[in-house]
Amino acid sequence: MTNAPSRKKQPQRVRRQLLEVAGRLSLEQGIAAVTLDAVSQAAGVSKGGLLHHFPNKLALLDALFDDLVVRFDSALDEAMAGDDVEKGRFTRAYLGVCFALDAEAQGWQMLTIALLAEPHLKERWREWVARRSAQFAATDSSPNCLLARFAADGVWLSDLMRSHDIEASTRAILLQKLNSLSLE
């Protein structure tokens, strides 16, 4: 019998590490690069360890999607909690979160790339949008609110593609104008 030190299992840390590696691989090399072998190797986890958490690539992508959407929802809920005006509250929160996504760009960039590449995730995002739109239909269904959210999606995509170099002052003006649309 040996007295070799045993490593304490940390399943949540391993799961988080696998998700981070999958996100980074998809961002750096595309969604096709997210294979179970590549993720397990890059994370320094055995393939069996990866399979313990995610039985296949779709389960891994679903978990990554779930993680990012939970964070997105939390940021929206937090922003709405600080807004006393009911009309357009969800839209203003959506605007604020989308305009601030640059701070955590890697995860959101990965989500956007995955949404474009994976029909299953695209459908899940469509369902999220439909659910949240229905939830706030009484306060945020005006054409102006929809236009503002579409503009936020454009800013999100522009940030992802780095297609426009928008100065902070211009960005603040855009956000202010879009926020005012949510009140009309």
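A: A residue is called buried when its relative accessible area is under 20%, exposed when it is over 50%, and partly exposed in between (1.4 Å probe, protein chains only). Helices (H or I, at least four residues) and strands (E, at least two) are DSSP runs, numbered from the N terminus. The model is a predicted one, in which local features need pLDDT of at least 70 and side-chain atom pairs count only at pLDDT 80 or more, while totals for chains, interfaces and linings use all residues. Residues are numbered from 1 along each chain as its sequence is written, and side-chain values use heavy atoms, with hydrogens and water left out.

Helix H2 spans residues 36-43, and its buried residues are Leu36, Val39, Ser40 and Ala43. These residues lie on the same side of H2, because they cover an arc of only 95° around the axis; the arc is that of the directions from the helix axis to the C-beta atoms. After H2 comes Gly44, which has a positive phi, near 70°.

The account now turns to the salt bridges. A salt bridge is a side-chain nitrogen of Lys or Arg within 4 Å of a carboxyl oxygen of Asp or Glu, and the structure holds eleven of them. One of these joins Glu28 to Arg24, with the closest N and O atoms 3.9 Å apart. Both residues belong to helix H1, four residues apart, which is about one turn of the helix. Glu28 is exposed, at a relative accessible area of 53%, whereas Arg24 counts as partly exposed at 30%.

Another salt bridge is formed by the side chains of Asp66 and Arg124, at 2.3 Å from N to O. Asp66 is in helix H4 and Arg124 in helix H7 (residues 119-135), so this pair ties together parts that are 58 residues apart in sequence. Asp66 is partly exposed, with a relative accessible area of 34%, and Arg124 is also partly exposed, at 23%.

Arg132 and Asp73 form a further salt bridge, their closest N and O atoms being 3.3 Å apart. This pair links distant parts of the chain, 59 residues apart, with Arg132 in helix H7 and Asp73 in helix H4. Both Arg132 and Asp73 are buried.
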